Amino acid sequence: KDSDADDAVEQLFLVVVAIDFGTTSSGYAYSFTKEPECIHVMRRWEGGDPGVSNQKTPTTILLTPERKFHSFGYAARDFYHDLDPTESKHWLYFEKFKMKLHTTGNLTMETDLTAANGKKVKALEIFAYALQFFKEQALKELSDQGGSDFENTEVRWVITVPAIWKQPAKQFMRQAAYKAGMASPENPEQLIIALEPEAASIYCRKLRLHQMIDLSSRAPVNGYSPSDTIGTGFTQAKEHVRRNRQSRTFLVENVIGEIWSELEEGSDRYIVVDSGGGTVDMTVHQIRLPEGHLKELYKATGGPYGSLGVDYEFEKLLCKIFGEDFIEQFKIKRPAAWVDLMIAFESRKRAASPDRTNPLNITLPFSFIDYYKKFRGHSVEHALRKSNVDFVKWSSQGMLRMSPDAMNALFKPTIDQIVQHLSDVFDKPEVTNVKFLFLVGGFAESPLLQQAVQSAFGSRCRVIIPQDVGLTILKGAVLFGLDPAVIKVRRSPLTYGVGVLNRFVEGKHPPEKLLVKDGTRWCTDVFDKFISADQSVALGETVTRSYTPAKPSQLVIVINIYSSEQDNVSFITESGVKKCGTLRLDLTGTDASVPNRREIKTLMQFGDTEIKAMAIDVATSKSVKVGIDFLNY
């Protein structure tokens, strides 16, 4: 491969901007290709919340009653909040909408999202508005910094998505980015869709010892036992961050961090557990020295076990105390106050820790107390007294007072699912010799989750948390954009193949698949496999097959591409097989002297997060290309 030509293309981008589009919060970071060791995290956002560090902004978006973009993040939330209730019901407010892409089984360009007031808007529009907002923010910051206008063409964009998302959701993100004007179908390389745990993994390789907290250092640190250090390590880290608040630039040394010297090449693995607001996903990597390339050993797994699960448990608790009918009504009638209540809960949620003894107080918005009295005819205090939920009390200052046990109980279902899922991964035969477990993502800041993971797996591997754990993915995504080839081997999430006719073999092929054409007996609907689910694929690896037209006189050849989550697929009619691409090769106008047996070469290129296919008529070199498409079939 001619590397010089390749480099020339790479140099066109002056800067890489990565967007971590999270379920609960989002942010961006960037690095100039000339000084890749400096990663700049975006400027501070206005309007942060008490008890929450605001290097990121909430993933919330507000549209005007005419459905035009109004604002994003804190600005959207605060504006929505200050509207008069009679007005606010006409405005469209969305939060935590990213999970919809994960939970929708048959995602298409037409999928809707529901705003807080119950109105529906196309998901593609909302995602495009959000990405456009980040695009404009980033270009503005780059222009302000450089003193001259920054063009979109000079930027390579990276957007992160959970690894466990199905292919349609990843493609959906790309379509939204095209709609936002970040890149175009003609220029797809300008945008990279990166997988969140992979990005985190790339950053973790660069960690130096002073940039992480090792939960498994058994020895008491400065006379504290490990359980104390869980809290204190973070306090020190926070102090350090507070002092460096002004600088938002992080230096990434161009080395592999020291802890990697303990890994034996070829046998030792590490797991990255990315726990965010909506999903938790994990990937098992092996490092290939000396250049530190990564190899994925087990396909990314996980599930919807993010910190949203804790919010959901809190909501269930409120329903238990005040009645489901009231909570449903309150959300619809006083959406802004409901948002307020969840913000108050969020800051207390972050104060939960395993050794906390004093209760956590959650302020109830005045309109909650007021509306409850109207709705039920008795007071909130009365409801708490007769609800038999003994660990939640009413305090005279108008707060819900939760015992630490009550708060921990809200975390338990979600944390149990994460630990269970990790146990399952550890039990897989491919997953042996795991030396380190990196806990990253926003939810990894929770001491309750840290303690649960440490006590479940601390004996099997070292549990390590990068210091600014919420920004790990963002920084890794920037590094990935600077050097996309760093991950050399991936596992294919699906089985891919094409539909073909084979000569019918008695006893081997089912009789209902028999098709007789011009005296030849064919077996129809055969799935010719190119690659199996969970098979290793190197970056840029190509699989080629040759086919001949069933009739020499055919003028148009149509090759359909199919995918399945199953490993062994024989026919395209089996359940779970989905069509995801069509190659149409037009052979009209070719020379009559073409050989009798035409050869049509079909290639599929894997290894990138996107997949490409191509068909070539060998005799005439006519070819046709197609990207695999999961949204439009």
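Reply: In strand β5, T60 and L62 point one way while I61 and L63 point the other, and all of them are buried. The model is a predicted one.

β5 has two partners to consider. With β7 it pairs in the antiparallel sense, over four bridges, and I61 has F94 of β7 as its bridge partner. With β6, β5 also pairs in the antiparallel sense, here over three bridges. Within that pairing L63 stands opposite F69 of β6.

β5 and β6 form a hairpin with five residues between the strands. Which residue of this hairpin takes a positive phi? It is R67, with a phi near 70°, a positive value in a residue other than glycine. R67 is found in the loop that runs between β5 (60–63) and β6 (69–72). Buried residues have under 20% relative accessible area and exposed ones over 50%; R67, at 33% relative accessibility, therefore counts as partly exposed.

Because its relative accessible area is 27%, K96 is partly exposed.

Next comes a helix contact. Helix α2 (residues 74–82) packs with helix α11 (residues 335–349) at an angle of about 130°, their axes lying 9 Å apart. That angle makes α2 oblique to α11. The crossing of α2 past α11 is left-handed. On the α2 side the contact involves R77, Y80 and H81, which meet P335, A336, V339, D340 and I343 of α11. By residue class, this contact of α2 with α11 divides into five nonpolar, one polar and two charged residues. For a helix, a general rule applies to such spacing: an α-helix has 3.6 residues a turn, so residues three or four places apart point the same way.

Helix α9 (residues 308–322) and helix α14 (residues 404–426) pack at an angle of about 135°, with 8 Å between their axes. This makes α9 oblique to α14. Here α9 passes α14 in a right-handed crossing. The α9 residues in the contact are G309, V310, E313, F314 and L317, and those of α14 are L410, F411, P413 and T414. The residues of this contact of α9 with α14 divide into six nonpolar, two polar and one charged.

In strand β14 (residues 269–275), seven of its seven residues are buried. R269, I271, V273 and S275 point one way from β14, whereas Y270, V272 and D274 point the other way. β14 pairs with strand β20 (residues 434–440) in the parallel sense, over six bridges. The bridge partner of R269 in β20 is V434.

There is also an open sheet of three strands, in the order β17-β19-β18, with antiparallel pairing. Its edge strands are β17 (360–363) and β18 (392–395), each of which pairs on one side only. From one strand to the next the twist averages 30°. β17 is joined by four bridges to strand β19 (residues 399–402), and the two run antiparallel.

Helix α15 (residues 447–457) is mostly covered, with eight of its 11 residues buried. Those buried residues are P447, L448, L449, Q450, A452, V453, Q454 and F457.

Finally, the chain as a whole has 16 helices and 32 strands. Buried residues account for 52% of its 633 residues. Of the contacts in the chain between residues at least 6 apart in sequence, 70% join residues at least 24 apart.

Terms used: Residues are numbered from 1 along each chain as its sequence is written. This is a predicted model: local features need pLDDT of at least 70, side-chain atom pairs count only at pLDDT 80 or more; totals for chains, interfaces and linings use all residues. Side-chain values use heavy atoms; hydrogens and water are left out. Axes are lines fitted to C-alpha atoms, for helices over the stretch in contact, and angles run from 0 to 180 degrees between N-to-C directions. Angles under 35 degrees count as roughly parallel, over 145 as roughly antiparallel, 65 to 115 as roughly perpendicular and the rest as oblique. A crossing is left-handed if the near helix is turned anticlockwise from the far one by less than a right angle, and right-handed if clockwise. Contact means heavy atoms within 4.5 Å. Ala, Val, Leu, Ile, Met, Phe, Trp, Tyr, Cys and Pro count as nonpolar, Asp, Glu, Lys and Arg as charged, and the others, Gly among them, as polar. Buried means under 20% relative accessible area, exposed over 50%, partly exposed in between (1.4 Å probe, protein chains only). Two strands pair if DSSP finds at least two bridges between them.
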